[in-house]
Every structure is written in C-alpha cells, then in structure tokens.
Amino acid sequence: MKKNKVFQNKLDKDIGNNQKSFSISDDKKNNIKDDVTLNDDLTAKEKIEKLFNRNGYVFNVLVEIVTSKKTYHTKIAGKVNNHLITLDNDIICINDIQDIIVKE
C-alpha cells in the first residue's frame with residue numbers, strides 16, 4: 001500500500017536560524033569586580049546581600065570568606081536559612097563569617 005506524501009512547503013529564502021554570533025570584550029570581565037565591590041564599612045551580612053543582589057550569578061564571583069576557624073577561597077553556590085553553601089560543598093554559618101573579600 002502506497003502512502004500519501006506529506007505536504008512540504010517550498011523554501012525560497014535562506015534560513016539562518018541561530019547563525020548570528022557576537023563577541024564579548026575583555027572589559028566585561030573587569031567589570032565583575034567593580035559590580036561587586038564590597039566596602040570595608042559593610043558587615044558580613046550586608047556584603048552577602050550585596051553579592052546576591054548584584055547583576056549576574058553569585059557563583060561566578062571568586063570570594064575569600066574569613067571565619068574565626070578557617071579561610072575559604074571559593075565561590076558561593078547559594079544561601080539556605082542562616083548558612084552559605086560553597087561550590088566546594090562547604091556549609092558556613094553566616095554568623096561565624098568575619099569578612100568576605102572579592103578576589104576577581
């Protein structure tokens with residue numbers, strides 16, 4: 001048994017879906033640090049809020065988190081209740097944080 005052909009529209013023009021490209025200048029990378037500049041006047045909680053409220057993702061920013069027990073050189077993955085979770089699977093209590101320094 002022969003099946004009927006499915007209708008196929010004629011394409012008269014070139015379709016270039018997703019073929020446009022763009023480039024990002026090096027200036028964009030340098031603006032990350034300017035975007036999340038943290039003053040020494042701010043408390044650790046204020047610095048965390050500023051990191052989470054900035055343009056872009058928080059896990060793209062390399063930070064140094066200083067606590068009384070240890071210094072972490074990592075990126076922040078998220079915040080759950082009163083704890084920060086890092087990309088290195090460390091859970092840090094926000095009340096234990098003495099300072100946060102942006103390293104990028």
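Residues are numbered from 1 along each chain as its sequence is written, and side-chain values use heavy atoms, with hydrogens and water left out. Because the model is predicted, local features need pLDDT of at least 70 and side-chain atom pairs count only at pLDDT 80 or more, while totals for chains, interfaces and linings use all residues.

**Overall fold**

The protein has two helices and five strands, where helices (H or I, at least four residues) and strands (E, at least two) are DSSP runs numbered from the N terminus, and along the sequence they follow the pattern α-α-β-β-β-β-β. Of the 104 residues, 25% are buried, a term that stands for under 20% relative accessible area with a 1.4 Å probe, protein chains only. Among contacts (heavy atoms within 4.5 Å) with a separation of 6 or more, 45% join residues 24 or more positions apart.

The five strands form an open sheet in the order 4-3-2-1-5, with antiparallel pairing; two strands pair if DSSP finds at least two bridges between them. Strand 4 and strand 5 stand at the edges with a single partner strand each, so one side of each is left without a neighbour in the sheet. Neighbouring strands are turned by 50 degrees against each other on average, direction ignored, the axes being lines fitted to C-alpha atoms, for helices over the stretch in contact, and angles running from 0 to 180 degrees between N-to-C directions. Strand 1 and strand 2 run antiparallel and are joined by five bridges, and Glu64 has His73 in strand 2 as its bridge partner.

| Strand | Residues |
|---|---|
| Strand 1 | 62-67 |
| Strand 2 | 71-80 |
| Strand 3 | 83-86 |
| Strand 4 | 91-93 |
| Strand 5 | 97-102 |

**Helix 2 on the sheet**

Helix 2 packs on the sheet, touching strand 1, strand 2, strand 3 and strand 5, and its direction makes about 40 degrees with that of strand 5. The buried residues of helix 2 (residues 44-52) are Ala44, Lys47, Ile48 and Leu51. They lie on the same side of helix 2, because they cover an arc of only 100 degrees around the axis, taken from the directions from the helix axis to the C-beta atoms.

**Thr67**

Thr67 belongs to strand 1 and counts as buried because its relative accessibility is 10%. The side chain of Thr67 reaches the backbone oxygen of Lys70 at 2.6 Å. Not counting residues up to four places away in sequence, Thr67 touches Tyr72, Ile92, Asp96, Ile97 and Gln98.

Methods: Buried means under 20% relative accessible area, exposed over 50%, partly exposed in between (1.4 Å probe, protein chains only). A polar contact is a pair of N or O atoms within 3.5 Å; within protein, one must be able to donate a hydrogen and the other to accept it, and residues adjacent in sequence count only if both atoms are side-chain atoms.
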